[in-house]
Amino acid sequence: MCSIGEDDFGDDGATHAMVVESLPLGIVLSPGNCSKCDVNSGELYKLNFRTAECRECFLAYARHKFRAALGAAKILPRNAEVLLVLDGSAESLVLLDMLHFAQTQNTFKRLHCNARVVYVEEQKVQGRDPVHLEALQNLSTQYAPFDFYVIELGALPSSMQRIKDYSPSLNANNELIHKLQKLRSLTARQDYLQQQRKNLICSVAQCLQCTHVFESNISVDLATQLLTAIALGRGGSAALDVALLDDRLSGDVKLLRPLKDLNEQEIQFYIHAQRLKPLFEKGSCFGREHGQTASLQNLTSAFVANLQQNYASTVSTVFRTGDKIAANSNPEQSSCVHCRSTLDSEISDTLLAIEYSRTVSEAGVSLYKSGQDLEGLAKKRLENKDGLCHACRAIQAELDSGNLL
Amino acid sequence: MPIICKSKCGNRAALKRPKTGDALCKECFFAAFEAEIHHTISSSNLFRRGEKVAVAASGGKDSTVLAHVLKLLNERHNYGLELVLLSIDEGITGYRDDSLETVKQNRDDYQMPLKILSYEELYGWTMDRIVAQIGRSNNCTFCGVFRRQALDRGAKLLGVDSIATGHNADDIAETVLMNVLRGDTARLRRCTSIRTGGGEDSIPRVKPLKYSYEKEIVMYAHYKKLVYFSTECVFAPNAYRGHARAFLKDLEKVRPSVIMDIIYSGEQLRFKDTVKKPERGTCTRCGFVSSQQPCKACVLLEGLNRGLPKLGIGKKTKGERMIAKQNQELALRERANLVKNDF
């Protein structure tokens, strides 16, 4: 017995429909006539599955994806207060550039919102040298009139400063770094950090009276995130991790991912077309330097990248699976005190089976003696007293002392 | 210093349980492993007293352990079940013929009746001949589709109330990952359920080993000295499933609990209302369970018999075009014959 798929697809699934080839990423530019506007151009942008086009046509196409994501869902009210999160990656610069452009257009086409930018300084948590302030200040002049703020990851939201007043704090440690050091596995550290970062951004948004936050995740990030969430046991909330709108933040702050339909190639072309200079290389997020097999997150990310090489539609298929799922939501049900996902109300058979395994392992041969209510013991272990979801409990379990929150 | 068994039974630990990380002695491991399967069976009400249950037996580790444990628990906890072994002979020389010998050994060891059904008698084709016609790609599609229906046919023949299959926790986690990777929401909905089918006109299938780790099944078979067959199928292994499998093994090395976590995630996934739900029905041609009309087995078989083996592979419309073309050619030839006959 090698298979449990059923009926129509058989074991090969839809792989026969997947094209086993992929164009090398990287910039493919050649001179010629634009196939759209027929103007001769020194540089033609050739995206996969599209004809070659000139710089202007490409930019219009990429920017439209951003506007369409926001427009189609009608989730951004007119004149909303928006906080854009800048992390120095290529994607976040593209988002900044697109938002800036959308605001400088004529009234008819303008995106009506008031935007501020916050740069989240993560270098210290990652154990690296702080970012070049000069590069950041250049960005703030280039993208005036946006207000630029800086906050250090792990610091209190109140320590946020305007960029012109900011200087890196001297004390090398903060509470977050301490807690991260206490967690045994990199998997738990990355999971915990992701949550803490989200909480910090939410607090910053509240300080600045912003109701909406823009994050710059693109399709490959979200495909990886979906698989990671599943591997971590966060299936119930995975839909919100990859959706356009994530409303789990406190204080009614809404997290939006307007770049979710863009792919890596489009980001690279956009960076080239607009001569943007990312502050960091791709894949410089926390813990990546420990290698592929160091954590579930690193493994998943490498797996998706690798599969994409052989099956070109992997990322888009996974990403579209994410579009089809909905979050487990029940307004009457309480949510996890850490990640704010809805807690599973009924006792899950699978979670009970995990606790039952632990119970019978401890009992061993003595379980043959009757009179022990092993299932009752397992249920007691499962009872949710701490208000944490299954995945957050796994983080808490690694924290030898102290509380997660 | 020797490690003592976690259960405080006083014995030395012989192994570390992959599922919980506890060090246990052999006897305590057996007790725990069997108790878990009993718990799965009783808490999910998989069987009812007096039922006749077919154990889908391939001779591999999973089905051998399943048959052994079901027999043992049936006697220990007095389930009152009548167990029979059901095997499918796909007709793969050098693989299935050898593994069926193992199943026959199980039949004698466990004193259970055995029924073997072959593709040859059901469909008129053996896998050897199918592969000779279509080559090494997509052959697993034929084998998988036919085997699932063959199990249904066998169960009907034996008059059983349910079929128990040896799918373990690793298999299920792997399938969750694979269905996410290929965006198959219909299967994602049902691949984690412990019981599938079981409407008015279908025989339910149950997975008593749903929460048993593959590694523990191997350990159990090893320490119990069970006889099983462990050769890979001689035809190319499934490439795409292989990716998901390798990925899961890597994940398991980092965090062993990941297998249960993925199953849990799979169960927690909800789908938007706009996503189409498959409707389970019966095939109008053969009368067996299917969500399509006609069922995949019938389409594949028609392809083989028409000499168009790619008929059921890929899009339905493509298959329809192929049939139309062949019919047209046949009609042409017949007309040519008619003309000839007129003389």
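How many helices and strands are there in chain A? Chain A has 13 helices and 10 strands. The model is predicted. This briefing covers chain A, chain B and the contact they share. The contact takes 77 residues from chain B and 64 residues from chain A.

**Chain A: overall build**

- Chain A has 405 residues, and 43% of them count as buried.
- A compact globule with 405 residues would have a radius of gyration near 22 Å; chain A has 24 Å, so the two agree.
- Along the principal axes, the C-alpha atoms of chain A fill a box of roughly 85 × 60 × 40 Å.
- Take the contacts in chain A between residues at least 6 apart in sequence: 66% of these join residues at least 24 apart.

**Chain A: helix H6**

- Helix H6 of chain A covers residues 219-231, which makes 13 residues.
- From first C-alpha to last, H6(A) reaches 19 Å, close to the 18 Å expected at 1.5 Å a residue.
- H6(A) is mostly covered, with 13 of its 13 residues buried.
- Just after H6(A) comes A:Gly233, which takes a positive phi of about 85°.

**Chain A: strands E3 and E4**

- Strand E3 (residues 80-86) of chain A pairs with E4(A) in the parallel sense, over 7 bridges.
- Within this pair, A:Val82 stands opposite A:Ala115 in E4(A).
- Strand E4 (residues 113-121) of chain A is mostly covered: 7 of its 9 residues are buried.
- In a regular strand, side chains alternate between the two faces of the sheet.

**Chain B: two domains**

- The domain assignment of chain B gives domain 1 (47-275) and domain 2 (279-343).
- Taken over C-alpha atoms, the centres of domain 1 and domain 2 of chain B are 30 Å apart.
- Contact between them involves 16 residues of domain 1 of chain B and 11 residues of domain 2 of chain B.
- On the domain 1 side of that contact in chain B, helix H5 (127-134) and helix H6 (139-158) each supply at least two residues.
- H6(B) gives the largest share of that side, 6 residues.
- By class, the side of domain 1 of chain B that touches domain 2 of chain B has 7 nonpolar, 7 polar and 2 charged residues.

**Chain B: the open sheet**

- Chain B holds an open sheet of 6 strands with mixed pairing, in the order E5-E4-E3-E6-E8-E7.
- Strand E5 (114-118) and strand E7 (195-196) of chain B stand at the edges, each with a single partner strand, so one side of each has no neighbour in the sheet.
- E7(B) runs antiparallel to strand E8 (residues 205-206) of chain B, and 2 bridges join them.
- There, B:Thr196 stands opposite B:Arg205 in E8(B).

**Where chain B meets chain A**

- Several elements of chain B give two or more residues to the side that touches chain A, among them helix H1 (26-43), helix H2 (61-76), helix H10 (239-254) and strand E9 (270-271).
- H6 of chain B is also one of these elements, and H6(B) gives the 6 residues noted above to the side of domain 1 that touches domain 2 of chain B.
- The largest share of the chain B side, 10 residues, comes from H11(B).
- The residues on the chain B side divide into 30 nonpolar, 27 polar and 20 charged.
- B:Arg270 in E9(B) is the bridge partner of A:Ala326.

Note on methods
Residues numbered from 1 in each chain as written. Chains lettered and ligands numbered in written order. Predicted model: local features only at pLDDT ≥ 70, side-chain atom pairs only at ≥ 80, totals over all residues. Domains from an automatic or database assignment. Contact = placed C-beta atoms within 7 Å. Helix = DSSP H or I, 4+ residues; strand = E, 2+ residues; numbered from the N terminus. Nonpolar A, V, L, I, M, F, W, Y, C, P; charged D, E, K, R; others polar. Expected span 1.5 Å × (residues − 1). Buried ≥ 20, exposed ≤ 12 C-beta atoms within 10 Å, placed from the backbone. Rg over C-alpha atoms; globule rule 2.2 N^0.38 Å. Pairing = 2+ DSSP bridges.
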